[in-house]
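Some notes on the model follow, for checking against the coordinates. They begin with one side chain and widen to the whole chain.

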Amino acid sequence: KKSAWRRSCMFVCSFQESALFSRAALLGQFAAICTAATGAAASTLARRGINVPTLQNMPSYALLSTLFLLQKDKEKPDHWYKWFFLALIDVEANCLAVWAYSHTSLTSAMLLDSFSIPCVIFLSKIFLRARYNVKHLQAAGICLVGILLTVASDALSRNIGGRGQGWFVGEALLGDFMAISAAALYACSNVAQEFFFKHEHTPVYVLARLGIYGFFICLLQTFFFSTIYLPWSKPI
């Protein structure tokens, strides 16, 4: 009876773990599809001369800030500057990612976004004390090799994009650098959020603060720098 009870408990636990893993995998794939759609839309706007990175990201932070209304638990107020710097890193990562689409191809920008994987592994090892096996390190190495091949392909190509709407090599490499920098900043933001999730606050609390501070940073950045990258003279 005890062995049968243990087997049934193990079956239930494995089923629950499989269900949680399947749910996380489906949510991850849905997020990847949304990211690809966002990148395609940003690339299309960039080809038409519309480059408004902070304005494009402002609705996302506005939606995140609504989580503040859903927050049920009352936590002690803490230092505001840590949320400001977290939101600043996240906002600039999104801005660089959008700017990259106006200088390089959509394919290169999406592939170079994988640089966040080795960055997350490195930062998690230092700040979260995470443990990784050889397979994780091999996957990170494959990402780095793919990034090098993508940059080398852009450097060796004369015209990226084709059909007369491509980018020169120097401009494409600038876009690649922006995409890599955005991936590194994404890694910093994600690791910082995970640190807050595990050690200090609930996910709702963290995401609500990220949305509030991110929205105001986008608002200020759009107001002060709109004359630099908002092409009002071009038809939308």
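1. Asn94 lies in helix H4, residues 80-101; helices are DSSP runs of H or I with at least four residues, strands are E runs of at least two, and both are numbered from the N terminus. This is a predicted model, in which local features need pLDDT of at least 70, side-chain atom pairs count only at pLDDT 80 or more, and totals for chains, interfaces and linings use all residues. Residues are numbered from 1 along each chain as its sequence is written, and side-chain values use heavy atoms, without hydrogens and water.

2. Asn94 counts as buried because its relative accessibility is 14% (buried is under 20% relative accessible area, exposed over 50%, partly exposed in between; 1.4 Å probe, protein chains only).

3. Leaving aside residues up to four places away in sequence, Asn94 touches Asn57, Tyr61 and Tyr186 (contact means heavy atoms within 4.5 Å). With Tyr186 there is a side-chain to side-chain polar contact at 2.5 Å (N or O atoms within 3.5 Å; within protein, one able to donate a hydrogen and the other to accept it, and residues adjacent in sequence count only if both atoms are side-chain atoms).

4. Asn57 and Tyr61 are among the buried residues of H2, which also include Pro53, Thr54 and Met58. The 13 residues of H2 (53-65) should span 18 Å at 1.5 Å a residue, and the 19 Å between its end C-alpha atoms agrees; the expected span is 1.5 Å times one less than the number of residues.

5. The protein chain has nine helices and zero strands. Of its 236 residues, 33% are buried.
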